[in-house]
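Dear colleague,

Here is the model I promised to hand over, with my notes on it below. Please read them alongside the coordinates.

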Amino acid sequence: MGYETLNVDVANHVALIKLDRPDAMNALNTKLLGELAKALTSAQGNDKVRCIVITGSDKAFAAGADIREMSEKSFVEVFMGDLFGPEVDVMLRIRKPIIAAVAGYALGGGCELAMMSDFIIAADTAKFGQPEVNIGVIAGIGGTQRLTRAVGKAKSMDMHLTGRFMDAEEAERSGLVSRVVPAKKLMEETMAAAGKIAEKSMVTVTAIKEAVNQSQEMSLSQGLLFEKRMFHALFNTEDRAEGMKAFVEKREPQFRDR
């Protein structure tokens, strides 16, 4: 499938999706988000894909939503059209692991897109921000909610109310990103992480993703029960039996996703 705003490559069980609107610093418009939803859906349905990586350019992961596209829209248009809603819903339904590889600017919608991944690996050049206050709106793709859960109320309020950016070092220190690597090694490190995930049992990986995501929605007691039941359920899989047998026999497991 050809895309106008993305480059998509599948190799070694990893789908690499690269945002490609260089003239607009990968700003998220309706076209890009629509194509991203299609690419993610395709990756989810492709048995050869076991992990997904989303990245941008060295200069910008995505510098925000496309303000030119939004500037002339009315409340009725964005409300009744559910601006960005359907595309975001697609991403949140993807069950395979998603890694965001972020270099340069990840601002506004770009920061929100990165936060919708399962974890972020950042180049040391990365800068994160939710500067919507500067144009008279607030974040609209989860920024006030996910950023607050990631870094806490104080830093989230600081960033949303002042529009300031957070560099990669602060982002890692605050829990927004999983690790920071030299910019030249960003894709090498990210693809290595994706490759590690691709080696695991997809049944187990999917269960982990669901359990961790439930931790954001449930009370601790509910989350612990959900985790326990998932743990118990995996004892009915061939991959659990193979994994434990391989450990006892001191060899690498041969998972079959069963």
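Strand E1 (residues 6-11) pairs with strand E2 (residues 14-19) in the antiparallel sense over six bridges, where pairing requires that DSSP finds at least two bridges between two strands. Strands (E, at least two residues) and helices (H or I, at least four) are DSSP runs numbered from the N terminus. Within this pair, Val8 stands opposite Ile17 in E2. Two residues separate E1 and E2 in the hairpin that they form, and Asn12 in the turn has a positive phi of about 55°.

Before going further, please note that this is a predicted model, in which local features need pLDDT of at least 70 and side-chain atom pairs count only at pLDDT 80 or more, whereas totals for chains, interfaces and linings use all residues. Residues are numbered from 1 along each chain as its sequence is written, and side-chain values use heavy atoms, with hydrogens and water left out.

Strand E5 (residues 98-102) is mostly covered, as five of its five residues are buried, buried being under 20% relative accessible area, exposed over 50% and partly exposed in between, with a 1.4 Å probe and protein chains only. Ile98, Ala100 and Val102 point one way from the strand, while Ile99 and Ala101 point the other way, and all are buried.

Gln130 lies in the loop between strand E8 (127-129) and helix H6 (143-151). Is this residue buried or exposed? Gln130 is buried, because its relative accessible area is 0%. A polar atom of the Gln130 side chain lies 3.5 Å from the backbone oxygen of Gly108, and the side chains of Gln130 and Glu132 are joined by a polar contact of 3.0 Å. A polar contact is a pair of N or O atoms within 3.5 Å; within protein, one must be able to donate a hydrogen and the other to accept it, and residues adjacent in sequence count only if both atoms are side-chain atoms. Leaving aside neighbours within four places in sequence, Gln130 is in contact (heavy atoms within 4.5 Å) with residues including Gly108, Cys111, Met115, Leu147 and His160.

A cavity is a set of points on a 1 Å grid over the protein atoms alone where a 1.4 Å probe fits but cannot get out, and lining residues have an atom within 4 Å of a point; grid points are joined across faces, edges and corners, and a volume is the space filled by probe spheres set on the points. The lining of the largest cavity consists of Leu33, Leu36, Ala37, Leu40, Glu87, Val88 and Met91. Helix H1 (30-45) and helix H4 (85-92) each supply at least two of the lining residues, and H1 gives the most, with four.

With best wishes

Methods: On a 1 Å grid over the protein atoms alone, a cavity is a set of points where a 1.4 Å probe fits but cannot get out, and a pocket is an open set with protein on both sides within 12 Å along at least five of seven lines; lining residues have an atom within 4 Å of a point.
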